[in-house]
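Reader: I have a structure open and would like to talk it through with you. Could we look at it together?

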Amino acid sequence: MLNFDFSHDHELLEQSIREWAGREVAPRIHDLDRAHQFDRGVLPQMASLGLLGICVPVDYGGAGMDYIALGIASEELEYVDTSLRVIMSVHVGLNCLTLVAWGTEDQKQRYLAPQAQGRKIATYALTEPSAGSDARGIQSVAIRKGDRYVLTGEKMWISMGDVADNYLVFAWTDLEKKKQRDPSGMSAFIVERAFKGFSSGTLKEKWGILAGNTGFFKMEEVEVPRENLVGREGEGFKIAMFALDQGRYTVAAGATGLIRACRDASVTYAKARKAFGVEIGSHQLVKEMIAKMESDYQASRLLWLRAGWLKNGGRRNTRETGLAKWFATVASERAAGDAVQIHGANGYSDEYPVGRYYRNCKGAVIYEGTREIHTIMQADYLLGYRTDRPTRCELPAWEGSAS
Ligand SMILES: Cc1cc2nc3c(=O)[nH]c(=O)nc-3n(C[C@H](O)[C@H](O)[C@H](O)COP(=O)(O)OP(=O)(O)OC[C@H]3O[C@@H](n4cnc5c(N)ncnc54)[C@H](O)[C@@H]3O)c2cc1C
């Protein structure tokens, strides 16, 4: 039977994140954003709320909550600022959940457990200066030498790239397959910032998510122990795509939170601002923009909830998660544009938050599959050009109790 009510645990989670982010981050976010400052201080606070291992099993140091909880957290965090949700996307969605599904027991003990407790921060590194959507175009290579791999290459546009401790890195292990662009020649590795030959920096010219860190790193003959190979040699591309199913889910729920933030700011402003002798909210064209925000919010929420429900059941959800991410991010761009419009010239100033929403939302229309890549994906499912085959590892069904 369908049930649209959140469980008591979900409501408590929603409330506690709302209170924490509203109290600790919201009053400072304008200044952090203006200063382009990533506040490391939020990480231990998020860890103490259990967010950094929210749906990682308790046996590996996580909070053991379900995947709906991850969606709730993403929505609440992005309601305050996209930079907070990005932490969940890369640390939990793209990295920790990939180790839950694909990691060895040793990797889970050495990397997943400290990450889930927030003692180490992790991210995901696929994109390179010359390859984003075209992931087969990456140039990084990993050459096997005895019990190690030697990694050489450069990664760019990596969220938390200059602040993370651990990186899930993708590189070619088969150079013949690299030439043929055959993705079965790619492998996945856990690389530590502490490894010799690793160096990173922050991208300074970014104009959105300014309170978040986005970076690049170089690997100059970084020696990675064989035990840090995730999955088998040649499974890297599948693992990269698997990780995106989890990251995109957090992006979808986060964009839903951003639409809600646009809606709430617009409603408040539309009742406070007068034009032609009346509140601007009583003008029909303003009403139309606000009503569209509400329908986009509700539709986006239903789409991520459905994807989360599939994840809880251990069912493949690439198509549904992709649809949720595509719809919510495109809708968030529309909502943010309209929120600025409703605020008039004030919307064009950082005195009001809607300009920040407008700058922040655009990234999600680009990362984790651009709008165009998702458009193609959804059409290809319908046209029969794409089907999802089972992979060796999937996200385990959630085993806890939903109440
Ligand atoms: C803020 C931010 C954070 C990011 N964080 C991470 C991260 O943590 N880890 C990581 O690995 N990457 C990250 N990225 C990188 C992101 O995933 C890539 O930017 C994205 O995949 C797009 O790649 P690209 O920028 O190279 O654009 P391109 O792939 O060069 O695309 C340029 C344009 O061409 C279009 N296009 C490309 N191919 C096609 C096609 N076949 N059909 C139609 N149109 C097409 C695209 O839709 C786009 O409009 C981040 C990016 C940003 C902006």
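Reader: How are H3 and H4 oriented to each other, roughly parallel or roughly antiparallel?
Author: Happy to take that one, keeping in mind that this is a predicted model. The axes of H3 (residues 67-80) and H4 (residues 82-102) come within 6 Å and cross at roughly 155°. An angle over 145 degrees counts as roughly antiparallel. H3 and H4 are therefore roughly antiparallel.

Reader: Which classes of residue make up the contact of H3 with H4?
Author: On the H3 side, the residues include Leu70, Ala73, Leu77 and Glu78, and they meet H4 residues including Leu84, Arg85, Met88 and Val92. Sorted by class, the contact has nine nonpolar, two polar and two charged residues.

Reader: On to the ligand: which side chain has an N or O atom 2.6 Å from an oxygen atom of the ligand?
Author: Good one to check in your viewer. The side chain at 2.6 Å from a ligand oxygen belongs to Glu372.

Reader: How much of the ligand's accessible area does the protein cover?
Author: On its own, the ligand has 980 Å² of accessible area. The protein's cover amounts to 64%.

Reader: And which element gives the largest share of the shell around the ligand?
Author: Strand E1 (122-125), strand E3 (148-159) and helix H12 (371-383) each give two or more residues to that shell. The largest share is three residues, and it comes from E3.

Notes: Residues are numbered from 1 along each chain as its sequence is written. This is a predicted model: local features need pLDDT of at least 70, side-chain atom pairs count only at pLDDT 80 or more; totals for chains, interfaces and linings use all residues. Side-chain values use heavy atoms; hydrogens and water are left out. A polar contact is a pair of N or O atoms within 3.5 Å; within protein, one must be able to donate a hydrogen and the other to accept it, and residues adjacent in sequence count only if both atoms are side-chain atoms. Accessible areas come from the Shrake-Rupley method with a 1.4 Å probe; for residues, only the protein chains shown count as cover. Helices (H or I, at least four residues) and strands (E, at least two) are DSSP runs, numbered from the N terminus. Axes are lines fitted to C-alpha atoms, for helices over the stretch in contact, and angles run from 0 to 180 degrees between N-to-C directions. Angles under 35 degrees count as roughly parallel, over 145 as roughly antiparallel, 65 to 115 as roughly perpendicular and the rest as oblique. Contact means heavy atoms within 4.5 Å. Ala, Val, Leu, Ile, Met, Phe, Trp, Tyr, Cys and Pro count as nonpolar, Asp, Glu, Lys and Arg as charged, and the others, Gly among them, as polar.
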